Amino acid sequence: MTDVQGVARIRPAAFHAAGGTEDWRVLGEGACAFFRTGSFGAGAQLVGAIGAALAGVGEADVDLRPEGVTVRLIEAGEEYYGLTERHVELARLVSGVARELGAVAEPAAVQTVQVTVDALELPAVVAFWRALLGYRDRSGSPEDLLDPARRGAPFYFQQMDGPRPQRNRVHVDVWVPHDLAEARIAAAIAAGGRLVTDEHAPNHWVLADPEGNEACVGAAGAAG
């Protein structure tokens with residue numbers, strides 16, 4: 001694939017297949033891992049150790065909570081938003097530091113959420129949400145908006161060919177670990193939901209709640 005500053009881009013399946021990435025799952029917003037530390041102090045220690053390990057090598061998005069630390073790896077530049085081969089190396093470094101400090105990886109604890117808006121007048125709708133949220137375009141895409149701090153849920157705008165009477169025009173995309181997608185879907189159906197389509201499985205499924213509001217369950221890396 002095309003290089004990013006001299007480093008080759010990679011697909012989710014290639015990241016998962018690389019040795020030393022077992023703690024990680026590629027979601028809609030990059031490769032993510034959660035390390036349970038058990039206390040805020042232990043988590044802060046882990047964050048410091050991650051910073052030292054990645055110094056001069058790369059960067060990561062880190063979320064510190066009393067229960068543990070979530071780490072996300074993503075190339076978030078103007079020209080490209082995704083994974084590169086360098087992220088495999090960074091994932092191995094972070095996992096090694098976590099093991100040294102006794103932090104336990106829990107792949108099932110990671111997920112990302114995206115809000116999708118179906119629009120007829122896409123440019124106008126995007127402009128409204130960009131201004132309201134203070135978001136920016138994703139790598140020049142006319143269809144995606146991102147929180148510049150990468151904390152809030154991204155917004156994706158889907159072009160519609162015509163109005164959808166009696167059907168919602170906003171749905172939520174939930175990205176879960178590829179090896180947990182079917183269990184999450186089964187739980188949602190057992191809770192009263194229904195399967196709208198599995199046409200694009202195992203990459204994603206569309207579900208609906210009892211009133212027809214839709215959610216798409218994505219599983220990056222399941223087949224590509």
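**Close-up 1. V170 in strand 14 of the predicted model.** V170 is found in strand 14, which covers residues 170-175. Leaving aside residues up to four places away in sequence, V170 touches V115, T116 and V117. With a relative accessible area of 47%, V170 is partly exposed, because that class runs between the 20% limit for buried and the 50% limit for exposed. For a sense of scale, take V170 and G77: they are 93 residues apart along the chain, and their C-alpha atoms are separated by 27 Å.

**Close-up 2. Helix 2 against helix 3.** Here helix 2 (residues 40-54) packs on helix 3 (residues 85-100) at an angle of about 140°, and the axes are 9 Å apart. That angle is why helix 2 counts as oblique to helix 3. The crossing of the two is right-handed. On the helix 2 side, the contact is made by L46, A49, I50, A53 and L54, while helix 3 brings L90, L93, V94, V97 and A98. Sort the residues of this contact by type and you get 10 nonpolar, no polar and no charged.

**Close-up 3. The largest nonpolar core.** This core holds 23 residues, and F15, W24, F35 and L46 are the ones that touch the most other members. Strand 4 (30-36), helix 2, strand 6 (68-73) and helix 3 are the elements that give two or more residues to it. Helix 3 gives the most, with 6 residues.

**Close-up 4. The surroundings of F35.** What does F35 touch, not counting residues up to four places away in sequence? The list is D23, W24, L46, G68, V69, V71, V94, S95, A98, A103, V104 and A105. Two of these, W24 and L46, join F35 and F15 as the core residues that touch the most other members.

**Close-up 5. A positive phi at R150.** R150 sits in the loop between strand 12 (144-146) and strand 13 (155-159). Its phi is near 55°, a positive value in a residue other than glycine. R150 counts as partly exposed, because its relative accessibility is 27%.

Close-up 6. P202 belongs to the loop between strand 15 (194-197) and strand 16 (204-208). As background for these last two views, most residues other than glycine have a negative phi, and most peptide bonds are trans.

Methods: Residues are numbered from 1 along each chain as its sequence is written. This is a predicted model: local features need pLDDT of at least 70, side-chain atom pairs count only at pLDDT 80 or more; totals for chains, interfaces and linings use all residues. Side-chain values use heavy atoms; hydrogens and water are left out. Axes are lines fitted to C-alpha atoms, for helices over the stretch in contact, and angles run from 0 to 180 degrees between N-to-C directions. Helices (H or I, at least four residues) and strands (E, at least two) are DSSP runs, numbered from the N terminus. Angles under 35 degrees count as roughly parallel, over 145 as roughly antiparallel, 65 to 115 as roughly perpendicular and the rest as oblique. A crossing is left-handed if the near helix is turned anticlockwise from the far one by less than a right angle, and right-handed if clockwise. Contact means heavy atoms within 4.5 Å. Ala, Val, Leu, Ile, Met, Phe, Trp, Tyr, Cys and Pro count as nonpolar, Asp, Glu, Lys and Arg as charged, and the others, Gly among them, as polar. A nonpolar core is a set of buried Ala, Val, Leu, Ile, Met, Phe, Trp, Tyr and Cys residues joined through side-chain atoms within 4.5 Å. Buried means under 20% relative accessible area, exposed over 50%, partly exposed in between (1.4 Å probe, protein chains only).
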